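The sequence and the structure are shown first.

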Amino acid sequence: MARVAVVTGAAEGIGSGIATRLVADGHQVAMLDWQGDKVEKLAAELTAAGGTALPLTVDVSDRASIEAAYATVRETFGPIHIVVANAGISNMVPFVQLDQQTWDRMIAVNLTGVFHTIQAAVTDMIEAKYGRVVTISSSSAQSGAPAMAHYVSSKGGVIGLTKALARELAEHRITVNTIPPTLVDTPMSHREAGQAGGAEQFLAAVSNMVPLGRAGTPADIAGAVSFLVSDDAAYITGQIIGVNGGMYI
């Protein structure tokens, strides 16, 4: 059944893959990203191909920005019943060099941004007695990662928030699940790999460590999201759904 969906961080990488898949599934998709030009270009392509996509320039760490975007979504499509909280940032900083400004920005986008994204939409779902929420966390929050204490902490918070909301919102028939990717070939992973000394070499080396022998793709994550927001996943909530090629078990 076609529904109104919101995908944050939809301009590139995992978010663009998710938005593209949900549009292909027939949903009306609001695509939120701070990169306005990029998200408008992708939305135009999806619309030209026959889909329904609405691009909106948003900073997820700013509640007023989220509220304004959601008002436009409701005016254009109607109540929101699917939220995919994907927007996030990442960088590598050794813990002893990590300053509070960098820490605070990571938490503001990756964790508080997820809080804003979900809370501002959940009243629609409660009223409808139906909702699907998927957060994109990270397997680094399950395993740890050097030089990424701020990132790991933010994504660990997302996993905890997901479980808490799954318990609290279940009575309203709202499911809340998280996907913690490992290595996915995206512009952000290339930027991170560049910090580690060389994008192509790093990604190739890590890909060889994945049991399935390759990095993931945005389409791999999008396929799992498509299932989790469908009616077929009505009895799945509070779960960590690993889509990682067997890298983390």
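Helices (H or I, at least four residues) and strands (E, at least two) are taken from DSSP runs and numbered from the N terminus. The model is predicted.

Burial here means a relative accessible area under 20%. The cover extends to both faces of E1: Val-4, Val-6 and Thr-8 are buried on one side, and Ala-5 and Val-7 are buried on the other.

E1 runs parallel to strand E2 (residues 28-33), and 5 bridges join the two. Within this pairing, Thr-8 stands opposite Leu-32 of E2. Helix H1 (residues 13-24) belongs with E1 and E2 to a right-handed β-α-β unit. E1 is also joined to strand E4 (residues 82-85), again in parallel, by 3 bridges. Ala-5 has Ile-82 as its bridge partner in E4, and Val-6 has Val-83.

## From E2 to E3

E2 and E3 are parallel and are joined by 6 bridges. Pro-55 in E3 is the bridge partner of Met-31. Between E2 and E3 the chain passes through helix H2 (residues 36-48), in a β-α-β crossover that is right-handed.

Asp-37 is located in helix H2. With a relative accessible area of 67%, Asp-37 is exposed. The C-alpha atoms of Asp-37 and Pro-94 are 33 Å apart, for a separation of 57 residues along the chain.

## Strand E4 and its link to E5

In E4, the residues point in two directions: Ile-82 and Val-84 one way, Val-83 and Ala-85 the other, and all are buried. E4 pairs with E5 in the parallel sense over 4 bridges. Thr-135 in E5 is the bridge partner of Ala-85.

## The largest nonpolar core

How many residues make up the largest nonpolar core? The core has 31 residues, and those with the most contacts inside it are Leu-32, Tyr-70, Val-73, Ile-80 and Val-83. At least two residues of this core come from each of E1, E2, strand E3 (52-57), helix H3 (63-76), E4, helix H4 (100-128), helix H6 (149-169) and strand E6 (174-179). H4 gives the most, with 7 residues.

Leu-32 is the residue of E2 opposite Thr-8, while Val-83 is the bridge partner of Val-6 and is itself buried.

## Positive phi angles and a buried serine

Most residues other than glycine have a negative phi. Lys-129, although not a glycine, has a positive phi of about 55°. Lys-129 is found in the loop between H4 and strand E5 (131-136). The relative accessible area of Lys-129 is 36%, so this residue is partly exposed.

Arg-173 is not a glycine either, and its phi is positive at about 60°. The loop between H6 and E6 contains Arg-173. Is Arg-173 buried or exposed? Arg-173 is exposed, because its relative accessible area is 56% and the exposed class begins over 50%.

Ser-140 is in helix H5 (residues 140-143). Its relative accessibility is 11%, so Ser-140 counts as buried. Ser-140 and Ser-153 are separated by 13 residues in sequence and by 9.1 Å in space, C-alpha to C-alpha.

## The second largest pocket

The second largest pocket has a volume of about 170 Å³. Its lining has 13 residues, and Arg-214, Gly-216, Asp-220, Asn-244 and Gly-245 are those nearest the centre. By class, 7 of the lining residues are nonpolar, 4 are polar and 2 are charged.

Note on methods:
Residues are numbered from 1 along each chain as its sequence is written. This is a predicted model: local features need pLDDT of at least 70, side-chain atom pairs count only at pLDDT 80 or more; totals for chains, interfaces and linings use all residues. Side-chain values use heavy atoms; hydrogens and water are left out. Buried means under 20% relative accessible area, exposed over 50%, partly exposed in between (1.4 Å probe, protein chains only). Two strands pair if DSSP finds at least two bridges between them. A crossover is right-handed if, with the strands pointing away from the viewer, the path from the first strand over the helix to the second runs clockwise. On a 1 Å grid over the protein atoms alone, a cavity is a set of points where a 1.4 Å probe fits but cannot get out, and a pocket is an open set with protein on both sides within 12 Å along at least five of seven lines; lining residues have an atom within 4 Å of a point. Grid points are joined across faces, edges and corners, and a volume is the space filled by probe spheres set on the points. Ala, Val, Leu, Ile, Met, Phe, Trp, Tyr, Cys and Pro count as nonpolar, Asp, Glu, Lys and Arg as charged, and the others, Gly among them, as polar. A nonpolar core is a set of buried Ala, Val, Leu, Ile, Met, Phe, Trp, Tyr and Cys residues joined through side-chain atoms within 4.5 Å.
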